[in-house]
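Reader: I have a model open and want to learn how to read it. Can we go feature by feature?

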Amino acid sequence: MSDIKYDVAIVGAGPAGLSAAIVLAKAGVNVIVIERGRFPGAKNVMGGVFYTDCMKGIVEKFPNGAPVERHIVEQRMWMIDDESYVGFGHKNAKFDKEPYNCHTVFRAQFDKWLAKQATDAGALIVNQTVVTEPIMKDGKVVGIKTGRPEGDIKANCVIVADGVNSLMAKSLGFRTKLKKESVALAVKEIIGLDEKVINDRFNVTGGQGVTIEMTGSLFKGAEAMAFLYTNKKSVSLGVGMIIEDMIEHKINPNELIESLKKHPAISPLIAGGETKEYLAHMIPEGGYNDMPQLVGDGIMIAGDAATMVNAVHREGSNLAITSGKLAAQTYLEAAEEGDFSSASLSSYVDKLQESFVMSDLKKYKALPKLLQKNRQLLDKYPKLMNDAAFELLTVDGVSKQEKQKHIWKNMKQQIGFTNMLKDLYKIWRSVG
Amino acid sequence: MHILVFVKQVPDASQVRVNYETGTLIREGVPAILNPFEEHAVEEAVRLKNEYGGKVTIITMGPPQASEALKQCLSRGADKAYLLSDRIFAGSDTLATSYALYEGARKIVELEGDVDLFFAGKQAIDGDTAQTGPGIATRFNLPLITYLIKIDELNLEEKYVIATRLTEFGQETIKAPIPVFFTVEESLNILSHSPLPYLIKAEKAEIELLSGKNVPLDKEQCGLKHSPTMVKKAFTPEKRQRGATLSGTFDDVVSQTADKIAPFLKKVS
């Protein structure tokens, strides 16, 4: 059997791998994409909000023809406690104008569609095949080994986009095992509801949608991040927690989502709905400081595999798409010189640095560690906010001044004035 | 040697649920798969091809999306795949389906040459009738070996095969002339992990299309109107109730269990 040889071999048909494949195939590069799942999207669970801007240069006139659900016109942020929340929301008519800022999508359908764009452009996608390790020659990556017989593929360059638990990044020695303190487990249910019911409950019409992001102590006092997104005829309700916290608080994901569904602010929104799907996935939340080496001789890493997730703004797929696109552009430049050494490919890192990808990841780089060491930020503060709001808004004959004094006293007792100042400073340092 | 395999795309029966209010199947969102028995039929065909030489052709009847099932056959190592698709076939029962596939197969013989071995699954997991395969064999007037579990010997020079089939009471080993028609059991072989070149070839392959346009069809034998099978009655199996949970000390639970079982035992005896 003769060698299987391609210009570029891409590991993983997610947003990063597929966007790289589209850009390369359109430029006439001979590209193969190897996907582990039954089809692209089969293994995906993304929360469901997809930003339009990153599709520039990949698919023209997005979202024409793409399987999108609702365009988001209102985003709500809630700090939740056991039976309450304090919230902030932003609804804007500007979000209701094309091109829409973002849409909810089902990744199983979306990735299938994106894969179709790649094959239409001339890329070859092979499913149900696991890439086990790179093929090395004189310390350089010259291809990939798959788990199939006669499964070696030679390539000028390999783009690794095999997701959060990247086998390739590990076998290259680019990263160590995932750390339980920097990976979240997210569980999600798709809850079916009538389109009209969703429109009424969320105060929207037509194709408009709403997202709610939640944070706080939801269950057994452990910090959790949760979300609710409206689709056409369903809502996606999910909750994520750092794996280390799950272990420490002996929480299983099922309990977590069940308690979320019973939360008094959530249960009326999903009442009468039927759970259609139940999904779980890991999210790399370590941010900038947790990123692996991104480039080697004949190889680049993109997307979740490179920890390109902005946990603060629940962005991941747009970072993946952009990084895939930049990796492809880097290859095209390198191909002109015929040089795929790490020195040549290092312009991929430069491109990432110049783009919003690295800039955003850097901006929040201290945050994962800060939250890890300062649990009160996500645990005590939401609780204090909720207690304060409740006290202030309850009319019970106590003067407002008296109430404020009491709230203040309570806060000082719970956290302490200097600690509060410190926390403020730390947050300002890491997100400001 | 030319091997022709008949396959069907079916809903993944393990994921089909029953709507107990209407008594109908919930097909929405159920993935379509290649009928598992036919996956083994293709596996056997490719194994024989690799041993004796020749080619493997696949045919299915179904809507355009059935080409997914054909692709899967190609990624198992089949050489060419034909999709027989036409509105005229809508609502076909096993009689009309076997007719359509018979005509489709005759066209393939015309295009690809004589067939030595015909394969199909023993039945499809959605209908479980086990009639379509034998129906095609009968129309071709071929010797038929159903419930195939082993091909003991294949002699292409003297044109015979010795094969073992499963019966209700045991096994039968039969000698039959070639060409011959098999319907196969899952125990015929263990599915292999296809080599990567097969998958690449499958992704690049074009599915050949057959329809009333290029296959001569007798319209009086096609579709719902010419399908004599009638569903007389459909019923929903009773929803299984959750078993009772007993609690208490070990002795308590034992005596509670005995109290619950005793009336049944009395009734039976």
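Author: Start with A:D396. This residue is partly exposed, because its relative accessible area is 48%. Buried means under 20% relative accessible area, exposed means over 50%, and partly exposed is in between (1.4 Å probe, protein chains only). Before going on, note that this is a predicted model: local features need pLDDT of at least 70, side-chain atom pairs count only at pLDDT 80 or more, and totals for chains, interfaces and linings use all residues. Residues are numbered from 1 along each chain as its sequence is written, chains are lettered from A and ligands numbered from 1 in the order in which they are written, and side-chain values use heavy atoms, with hydrogens and water left out.

Reader: Which residue does the side chain of A:D396 meet in a salt bridge?

Author: The general idea comes before the case. Side chains of opposite charge can pair when their charged atoms come close. A salt bridge here is a side-chain nitrogen of Lys or Arg within 4 Å of a carboxyl oxygen of Asp or Glu. The side chain of A:D396 meets that of A:K403, at 3.1 Å from N to O. A:K403 counts as buried, at 2% relative accessibility.

Reader: What does the salt bridge between B:E43 and B:R76 tie together?

Author: The N to O distance in that bridge is 3.2 Å. B:E43 lies in helix α1 of chain B and B:R76 in the loop between α2 (67–75) and β7 (80–84) of chain B, so the pair ties together parts that are 33 residues apart in sequence. Helices (H or I, at least four residues) and strands (E, at least two) are DSSP runs, numbered from the N terminus. B:E43 counts as buried at 10% relative accessibility. B:R76 is buried too, with a relative accessible area of 13%.

Reader: Is α1(B) mostly covered or mostly open?

Author: Mostly covered: twelve of its 17 residues are buried. Among them are B:F37, B:V42, B:V46 and B:L48. For chain B as a whole, buried residues make up 42% of the 269 residues.

Reader: How many helices and strands are there in chain B?

Author: Chain B has six helices and 13 strands. Its C-alpha trace spans about 75 × 40 × 40 Å along its principal axes. Now take one loop. B:F169 sits between β10 (160–166) and β11 (171–177) of chain B. B:F169 counts as exposed, at 80% relative accessibility. Its C-alpha atom is separated by 21 Å from that of B:N189, 20 residues apart along the chain.

Reader: What area is buried between chain B and chain A?

Author: The size of an interface is often given as the accessible area lost when the parts come together. Here the buried area (lost accessible area, 1.4 Å probe, summed over both parts) is about 1200 Å², and carbon and sulfur atoms give 64% of it.

Reader: Is A:H71 buried or exposed?

Author: A:H71 counts as buried, at 8% relative accessibility. This histidine is found in strand β4 (residues 68–81) of chain A. Leaving aside neighbours within four places in sequence, its contacts include A:F95, A:Y100, A:H103 and A:Q208.

Technical notes:
Buried area = accessible area lost by both parts, 1.4 Å probe. Contact = heavy atoms within 4.5 Å.
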